[in-house]
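Here are my notes for you on this one. Have the structure open while you read, and take the points in order.

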Amino acid sequence: MDNHVRNQISALQNLGLGNSAKDIVQDLLAEKVEQLDSPTAKRYQEMVDILEQMDAYKQTEKSDKGTRRNAN
């Protein structure tokens, strides 16, 4: 994310449209997702689920490496 996008999010936050940048981005994403037609929304959710599973797998790998490193 570049500086211009961060500045726009900060401006929205300063206007009271969210308590944090994360809140604002989540609200904007929710609005965009609500506009998707049903098949696209389904594909979107499938993609998010896959990406979340990949994140969880990577986190498990990091934790396993740390455990093995501490055992040596």
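1. Start with Ile50, which is partly exposed at a relative accessible area of 47% (buried is under 20%, exposed over 50%, partly exposed in between, with a 1.4 Å probe and protein chains only). You'll find Ile50 in helix α3, residues 38-71; helices here are DSSP runs of H or I, at least four residues, numbered from the N terminus.

2. A quick word on the source: this is a predicted model, where local features need pLDDT of at least 70 and side-chain atom pairs count only at pLDDT 80 or more, while totals for chains, interfaces and linings use all residues. Residues are numbered from 1 along each chain as its sequence is written, and side-chain values use heavy atoms, leaving out hydrogens and water.

3. Glu46 is partly exposed at 38% relative accessibility, and Lys42 is exposed at 54%.

4. Now look at α1 (residues 3-14) and α2 (residues 21-34): their axes come within 9 Å and cross at roughly 100° (axes are lines fitted to C-alpha atoms over the stretch in contact, and angles run from 0 to 180 degrees between N-to-C directions). The pair is therefore roughly perpendicular, a label for 65 to 115 degrees.

Note on methods. Helix = DSSP H or I, 4+ residues; strand = E, 2+ residues; numbered from the N terminus. Parallel < 35°, antiparallel > 145°, perpendicular 65-115°, else oblique.
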